[in-house]
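Subject: Handover of a structure and findings

Dear colleague,

Please find below the structure that I am handing over to you. My findings follow directly after it.

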Amino acid sequence: MALVHRGAWRLVTPLLRVARTNPALFLQRRHASKQFKDQKKELKPKPKINKQKVEIKQKMTVKELARAMNRDFDHVVEALLNTSVDVDELEPDSVLDQVWVKEVVSRSGMKFRWAKLSETRELQESQPVTPPPVVTIMGHVDHGKTTLLDSLRKSQIVATEAGGITQHIGAFSVQLASGEAMTFLDTPGHAAFSSMRARGASATDIVVLVVAADDGVMEQTVESIRHARTAGVPIIVAVNKCDKPQADPERVKKELLSHDVICEEFGGDIQAIHVSALQGDGLVELTEAVVALAEVLELKAEPDGLMEGLVIESRNDKGKGPVSTALVQRGALRRGAVLVSGRAWAKVRFMFDENDSVLKEAGPSRPVQVSGWRELPSAGEEILEVETEQRAREVVAYRQYLDEQQRLSEDQRTIAANREAHLQEYREQREELGHLSWRQRRRALYQKNKDAFALRPKEWGQEEADPGDVDGSVETLLNVLDSYDAQDECELKLIHFGTGDITETDVNLAHTFSGSVYGFNVAVPRPVQQVALKKDVPLRLHSVIYKLIEELQQELSLKRPPITTETILGEANVLMIFEVSEGKKKVPVAGCRVQRGVLDKKHSFRVLRGKQVLWEGSLSALKHHKDEVSSVKVGMDCGLSADGNVDFSPGDIVQCYEQQDRPQTTSWTPPGF
């Protein structure tokens, strides 16, 4: 038998009584008591859960985030599922935006906090360094620019240039005997390379203007001064070839005064150094002038961070693929960096200096050859380093989209302008021919178009402009072709252009349009030569630009029809008409006297009555007295019969004339040629 405490019995007894008398009320009270107990439990404070804290930073990669969270790569990918991030494109080195870094941490049940940079690193990033000055050598063709650079770096560049003239920009790092380092850009002096000189001036710190002491200020000298002024770059004048007997440096300085280049001798602030690049005289003074000017300019550049630079030139290399010569302007360029330039991008595979030595890193003011481009970048384009390949693709795709939109907008404007012009022409024609019937209007339009065709024939001379050696050379040739202003004589069409060796595609394009292939400093593989020979496509290869332009002018001239010139050889007056019998046929014969020149039977003749031409053709017979002759001279009498039915009359004039075809030459002369 169970024992119950008496006090407890007193408490339980009323409940038992209620349960026996009113079961529903008992259950209601019991439920309310249970709810009260549950509410008391909820009021008790819950124990705190300590979340893991994760240090995050800007431009964090997936691998770095996984390491900071003590998780693996797959965990980060799973946390980004069902978001706008394309997880299939994620790689350990992919950089995540700040919002997705926070999202991954939050979905993982962790807290984030920003990592603090060390004071040492902040101090290093805030201190720029003094880079070597970038010096551009500019001036007129054959004034000794490349020879001057040869003397500075003890090499023979000029021996490798076709025709002895520079035809692209050369970028070199030079370590002087005094210990200073400089970067030199050697620009072409020929008139055709104006765009290259402008690009060299915009990428430089100092311009050394080379003027020959025996030649003075020339056309490209003035243009170089203009480019330097436009770019806001200071000038140092190097008066070269002072060792020649006819050299006159003072005359050169006076000529420069008219172009607002005032040397120190005349109260200006521009240094003028007398040098002889061939003999090596004055080079120390020139380098000292460059160093002094660089110190005055206080050149600074950041050695760390993402790289920024400029494409000097680009080309297709057989062993390396697309290669660009880049000038680093800010930051450091390292192997594996992802670069974007215009609509091209690259992951740097290798870097080389001007001597083809492999580089691991290139700092500010260092020219470097970069391989790894997916497509060839355009010369003059800015280079920017980005975090990932995905970002590079996005930038290139966006730039291509902008270019397509701009091109579409330009096409729409052109279509609208052409439509308006055609509408206006149609209205003018309707007004001009409004008084005619539809049959008369149709006949008049046909006759007008027919006459226009007969008076203005067009010859089609498509020229497929060349694959070139470097992108800068192609740019120069395109600028030359842009100056073509003789479309009414012979229409010039540019079918295709590019860099690298000539391909079978180039030959097929030229064959389709009945054109020619021009190559500048490129080779033609033997299979391509055989295809060109089979399809009769001319391959015109050159290593000197003005030779290429000369042949292009000759081909354009050959496309034009020859000019027919007429020379009057002799004239005779018809004195009387008589007939002679030839079998059963009577032939009219004109008795004439030669007034000037010679009547030669083998040439053409015409009969004039006043200003009207009665007949043109050849003679069937020419006699002096009764003898058949081939020609009669001035003052002699003769009888002649025409090859055809001619109604001679006394007083008519018989002319003997000769027609010759003379080739036409194109009137197009490119600037500087």
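Please bear in mind throughout that the model is a predicted one. Pro-131 sits in the loop that runs between α6 (119–125) and β5. Leaving out residues up to four places away in sequence, Pro-131 touches Leu-299, Lys-300, Ala-301, Pro-364 and Ser-365. Between Pro-131 and Glu-298 there are 9.7 Å in space, C-alpha to C-alpha, while in sequence they are 167 residues apart.

The chain as a whole

The protein chain has 673 residues, of which 40% are buried. Its secondary structure amounts to 17 helices and 33 strands. Where contacts in the chain join residues at least 6 apart in sequence, 69% of them link residues at least 24 apart. The accessible surface of the chain is about 39400 Å², and carbon and sulfur atoms account for 50% of that surface.

The largest nonpolar core

Which residues touch the most other members of the largest nonpolar core? They are Phe-184, Ile-206, Val-208, Ile-236, Leu-286 and Val-290, in a core of 25 residues. Two or more residues of this core are given by each of β5 (134–139), α7, β6 (170–175), β7 (181–186), β8 (206–212), β9 (235–240) and α11. Helix α11 supplies the largest share, namely seven residues.

Apart from neighbours within four places in sequence, Ile-236 is in contact with Ile-206, Val-207, Val-208, Leu-209, Gln-271, Ile-273, Leu-286, Ala-289, Val-290 and Leu-293.

By class, the residues of the contact of α7 with α11 are four nonpolar and two polar, with no charged residue.

Glu-504, Val-507 and Asn-508 in α15 meet Val-528, Val-531 and Ala-532 in α16. The residues of this contact comprise four nonpolar, one polar and one charged.

Individual residues in loops and strands

Leu-278 belongs to the loop between β10 (272–274) and α11. Is Leu-278 buried or exposed? Leu-278 is exposed, because its relative accessible area is 68% and the cut-off for exposed is over 50%. Leu-278 and Leu-148 are 7.3 Å apart in space, C-alpha to C-alpha, although 130 residues apart in sequence.

- Lys-241 has a phi near 60°, a positive value in a residue other than glycine. Lys-241 is located in the loop between β9 and α10 (249–257), and is buried, with a relative accessible area of 18%.
- Ser-514, likewise not a glycine, has a positive phi of about 55°. Ser-514 occurs in the loop between α15 and β23 (516–520), and is exposed, with a relative accessible area of 55%.

Finally, Thr-61 is placed in strand β2 (residues 60–61). Thr-61 is buried, its relative accessible area being 12%. Not counting residues up to four places away in sequence, Thr-61 touches Pro-92, Asp-93, Ser-94 and Val-95.

Yours sincerely

Definitions and conventions
Residues are numbered from 1 along each chain as its sequence is written. This is a predicted model: local features need pLDDT of at least 70, side-chain atom pairs count only at pLDDT 80 or more; totals for chains, interfaces and linings use all residues. Side-chain values use heavy atoms; hydrogens and water are left out. Ala, Val, Leu, Ile, Met, Phe, Trp, Tyr, Cys and Pro count as nonpolar, Asp, Glu, Lys and Arg as charged, and the others, Gly among them, as polar. Helices (H or I, at least four residues) and strands (E, at least two) are DSSP runs, numbered from the N terminus. Buried means under 20% relative accessible area, exposed over 50%, partly exposed in between (1.4 Å probe, protein chains only). Contact means heavy atoms within 4.5 Å. Accessible areas come from the Shrake-Rupley method with a 1.4 Å probe; for residues, only the protein chains shown count as cover. A nonpolar core is a set of buried Ala, Val, Leu, Ile, Met, Phe, Trp, Tyr and Cys residues joined through side-chain atoms within 4.5 Å.
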